[in-house]
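Please look at the sequence and the structure together, and follow this walk through some of the strands, helices and surface groups.

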Amino acid sequence: MKRLFNRLLPKSWRSTVVTVPVIRLHGTIMSGGQFRQNLSLASTAGLIEKAFSFDAPAVAISINSPGGSPVQSRLIFKRIRDLATEKNKKVLVFVEDVAASGGYMIAVAGDEIFADPSSIVGSIGVVSASFGFPELMKKIGVERRVHTAGQNKAVLDPFKPEKKEDVERLKALQLEVHDTFIELVKDRRGKKLKDDPDLFTGLFWTGKKGLELGLVDALGDMRTVLKTRFGPKTQLRLVTAPRGFLSRFGLFASAKGFSAPDIAAAAASGVVDAAEERALWARFGL
């Protein structure tokens, strides 16, 4: 409405200021717990919806993520694309340190992708990681007891020796997820992608090399690109989630209504999540 009203005014009265909403999608991608905030559809849907409600020519998205859940990555990707189509808006994605694996899956929601020459992009693959403790169990004298209804309910139990058939089943699942990822990237990037045998092997590259491979469209930073495209008076408006008064006090506000066992369980889960998150960032030297 504001843009329509602006067009009706004489040229000398028209505002030349363009406001572009900016979303920051930073962090690992996984369903969030009570005490950790990760990227998921639940944690980002509000921000995305709000950004597309602006009377603006485009939505800018800053991405800094090493990846995580392929499901949450695709759900976020789809929400961005659905709203871009519905609102008829361009999506400009800007990679900061890294947009790899699921982070890159979200990045291809952009009509154009920009990166720093030293950004990390790619890692189009699927990985599953865990630990095995069967020998440790023997050493400390602990017996593992698992009872199931269904012979495959305890596959890949970390406290039991790994079975060949279980690994084969896992790899078959990974291939299906990988194929979905590849199809999505090819659909979005199309002929921009170079015919490189390593493109979908899980390797990752700098933004500079990513430009050569067609993984990104140009090198540049958000402020410079937006002001060059929409004019020097362009304003960047960061879209943030509303915060209640109690949420500013962190743990105490979050823990309200939870019992001591709930808090202890969430804390233990948070330690595991933190280790997984650290491992994802460390893979890219960050």
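Aspartate 97 lies in strand 3 (residues 90-100), where helices (H or I, at least four residues) and strands (E, at least two) are taken as DSSP runs and numbered from the N terminus. The model is a predicted one, in which local features need pLDDT of at least 70 and side-chain atom pairs count only at pLDDT 80 or more, while totals for chains, interfaces and linings use all residues. Residues are numbered from 1 along each chain as its sequence is written, and side-chain values use heavy atoms, with hydrogens and water left out.

Aspartate 97 counts as partly exposed because its relative accessibility is 40%; the scale used here calls a residue buried under 20% relative accessible area, exposed over 50% and partly exposed in between, with a 1.4 Å probe and protein chains only. Together with Glu96, Asp116 and Asp221, Asp97 forms a negative surface patch. Patches are made of residues with over 30% relative accessible area and no salt bridge, like charges being joined within 9 Å and nonpolar side chains (Val, Leu, Ile, Met, Phe, Trp, Tyr) within 5 Å. Asp and Glu count as negative and Lys and Arg as positive, whereas His and the chain ends are not counted, and the place of a charge is taken as NZ of Lys, CZ of Arg, CG of Asp or CD of Glu.

Strand 3 as a whole is largely enclosed by the rest of the structure, because eight of its eleven residues are buried. Strand 3 pairs with strand 2 in the parallel sense over seven bridges, and two strands are said to pair if DSSP finds at least two bridges between them.

How many of the eight residues of strand 2 (residues 58-65) are buried? Eight of the eight are, so strand 2 is largely enclosed by the rest of the structure. From strand 2, Ala58, Ala60, Ser62 and Asn64 point one way, while Val59, Ile61, Ile63 and Ser65 point the other way, and all are buried. Strand 2 also pairs with strand 1 (residues 19-26), in the parallel sense and over five bridges, and here arginine 24 stands opposite serine 62 of strand 2. Asparagine 64, which has its place in strand 2, counts as buried because its relative accessibility is 9%. Although asparagine 64 and phenylalanine 94 are 30 residues apart in sequence, their C-alpha atoms are 8.8 Å apart in space.

The C-alpha atoms of threonine 234 and valine 18 are 216 residues apart along the chain, yet separated by 4.7 Å. With a relative accessible area of 3%, threonine 234 is therefore buried.

The charged side chains come next. Side chains of opposite charge can pair when their charged atoms come close. The structure holds nine salt bridges, a salt bridge being a side-chain nitrogen of Lys or Arg within 4 Å of a carboxyl oxygen of Asp or Glu. In one of them aspartate 82 is joined to lysine 78, with the closest N and O atoms 2.9 Å apart; both residues lie in helix 3 (residues 70-87), four residues apart, which is about one turn of the helix. Aspartate 82 counts as partly exposed because its relative accessibility is 36%, and lysine 78 likewise counts as partly exposed, at 39%.

Another salt bridge joins lysine 87 and glutamate 86, whose closest N and O atoms are 4.0 Å apart. Lysine 87 is partly exposed, with a relative accessible area of 39%, whereas glutamate 86 counts as exposed because its relative accessibility is 59%. In helix 7 (residues 207-213), glutamate 212 and lysine 209 are three residues apart, about one turn of the helix, and their side chains meet in a salt bridge at 3.3 Å, N to O. Glutamate 212 is partly exposed, with a relative accessible area of 45%, and lysine 209 is partly exposed as well, with 34%. Arg81, Asp111 and Arg188, in turn, are linked in a network of salt bridges.

Finally, a nonpolar patch on the surface is formed by Leu136, Ile140 and Val142, which together have about 260 Å² of accessible area, the areas coming from the Shrake-Rupley method with a 1.4 Å probe, and for residues only the protein chains shown count as cover. Valine 142 lies in the loop between helix 5 (134-140) and helix 6 (164-189), and counts as partly exposed because its relative accessibility is 41%.
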